[in-house]
Amino acid sequence: MKSHERCLTSMKVRLIDIEKSFAGKQVIRPVSITIESGSFTTLLGPSGCGKTTLLRMIAGLETPDAGEIWFDETCVFSKKEGIDLPPEKRGLGFVFQDFALWPHMTVFENVAFGLRARRQTDGLKERVERALAAVQLEEFAGRYPHQLSGGQQQRVAFARAIVIEPSCILFDEPLSALDALLREEMRYELKKLVSERGITSVFVTHDQTEAMSMSDRIAVLNAGVVDQYDAPEEIYAHPQTQFVAHFVGKSNWLNETQLFRPENISEEKRQGCREFQLPVESVQYLGDSYEIFLRYDMETSSRCALKDIELGEGQNLARAGRAVDGKKVSLPDCADEDRESCTWMVHSSKRATPGELYCVYIDPEKIVTVQEN
């Protein structure tokens, strides 16, 4: 894509105590977040968590039951004040999952549609051509949607969103209909497109790879609640709840509220680390390494050389004292009657054999404590 002058009118979006219910069921509990001007913010969560509903309320396509929405210093929705600016007056761009292209219109006319609808026809030809050049579709202006590939159709949708020069673009899972390789390519192009222009972007997805690779900040939604709103690095390294830790990245659990990430396991003995000898469940070859799955449960824990050690400030590794061979050893909560075992994952350069005992070491400083959901 070609460079472009940065957008001078990107805006801050503020949601204040926004709520929404359908048929008596609350799908968005009071949500308050601020999306900074020019940032790329992702609403991340599983199906049914409320992320698309939240996006549609920002757009004006759904009406909140309570709260306020502000674009910079302009209130576009307030239940208390009776303010509800319609979608066409909010100055937003949209990119949808199904592209939403008019099949009877050429690429040029699809991109020009928003300008004509707004009666912004001065310099229309030049503006459309610039938008098409930005997505490398100058030579496809006369084609129809059915004559384009999925990636090209998505680029048309991007061009249609930026041609109106919006202060903010809303993306509703725009890459989910593409195959894996094309999706990766379009992630890069989409982020570059909006970053060069400094456009505030709000992106909805259930794909954590998209969220982590593209976002300045991520709001992780769980059953209508924003469990955590943070930078991708912070969400991965310091998840605040069980749900965030389970949903974002892979985790090895010591008990119900304490975990560590797979890359924090060491195969070499280090000072102050905790040693575990666990049976190998299975092995997967990834091309440049092996993914080894270990069984962590009461029986294997009883064979581990577990020692009480100093944990980092604010950490308290939950322990259940049990008698094994006349000695008291530490057992994880995940090995109790309700949850007999769990699986740990290790990346290694060496192949392991299912059934063998595999020795690993954990630095207590790498253990993360999260809130119960």
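Predicted model: local features only at pLDDT ≥ 70, side-chain atom pairs only at ≥ 80, totals over all residues.
Reader: What distance separates the end C-alpha atoms of helix α4, and what span should its residues have?

Author: Helix α4 covers residues 150-163, which makes 14 residues. At 1.5 Å a residue these should span 20 Å, and the distance computed between the end C-alpha atoms agrees with that expectation, since it is also 20 Å.

Reader: How many residues of α4 are buried, and which residue just after the helix takes a positive phi?

Author: Helix α4 is mostly covered, with 13 of its 14 residues buried. Just after the helix the backbone takes a positive phi of about 55°, and the residue concerned is Glu165.

Reader: Where does Leu137 lie, and is it buried or exposed?

Author: Leu137 belongs to the loop between α3 (124-134) and α4, and it lies 9.1 Å from Ala159, C-alpha to C-alpha, although the two are 22 residues apart in sequence. Its relative accessibility is 2%, and because the cut-off for a buried residue is under 20%, Leu137 counts as buried.

Reader: How much space lies in the largest pocket, and which residues are closest to its centre?

Author: The largest pocket holds about 420 Å³ of space. Its lining divides into 10 nonpolar, 2 polar and 3 charged residues, with at least two residues supplied by each of β7 (92-95), α2 (107-117) and α4. Of the 15 residues in that lining, the closest to the centre of the pocket are Phe94, Phe113, Gly114, Arg118 and Arg160.

Reader: In what order do the 5 strands of the open sheet run, and which strands stand at the edges?

Author: The pairing in this open sheet is antiparallel, and the order is β14-β20-β15-β16-β19. Each edge strand has a single partner strand, so one side of it is left without a neighbour in the sheet, and the two in that position are β14 (265-266) and β19 (341-348).

Reader: Over how many bridges do β14 and β20 pair, and which residue of β20 stands opposite Ile265?

Author: Strand β20, residues 357-362, pairs with β14 in the antiparallel sense over 2 bridges. Opposite Ile265, the residue that stands in β20 is Ile362.

Reader: Which residue takes a positive phi in the hairpin of β10 and β11?

Author: Strands β10 (residues 217-222) and β11 (residues 225-230) pair in the antiparallel sense over 5 bridges, and Ile218 stands opposite Asp230 in β11. The hairpin has 2 residues between the strands, and the residue with a positive phi near 55° is Ala223.

Reader: What kind of aromatic pair do Phe260 and Trp344 form, and which parts does it tie together?

Author: The rings of Phe260 and Trp344 are 5.0 Å apart centre to centre with 85° between the planes, which makes the pair edge-to-face, as the cut-off for that class is over 60 degrees. Both residues are buried. Because Phe260 lies in β13 (residues 258-260) and Trp344 in β19, the pair ties together parts of the chain that are 84 residues apart in sequence.

Key. Residues numbered from 1 in each chain as written. Heavy atoms only, no water. Helix = DSSP H or I, 4+ residues; strand = E, 2+ residues; numbered from the N terminus. Expected span 1.5 Å × (residues − 1). Buried < 20%, exposed > 50% of the residue type's maximum accessible area, 1.4 Å probe, protein only. 1 Å grid on protein atoms, 1.4 Å probe; cavity = no way out; pocket = protein on both sides within 12 Å on 5 of 7 lines; lining within 4 Å. Points joined across faces, edges and corners; volume = space filled by probe spheres on them. Nonpolar A, V, L, I, M, F, W, Y, C, P; charged D, E, K, R; others polar. Pairing = 2+ DSSP bridges. Phe/Tyr/Trp six-rings, centres within 6.5 Å; stacked < 30°, edge-to-face > 60°.
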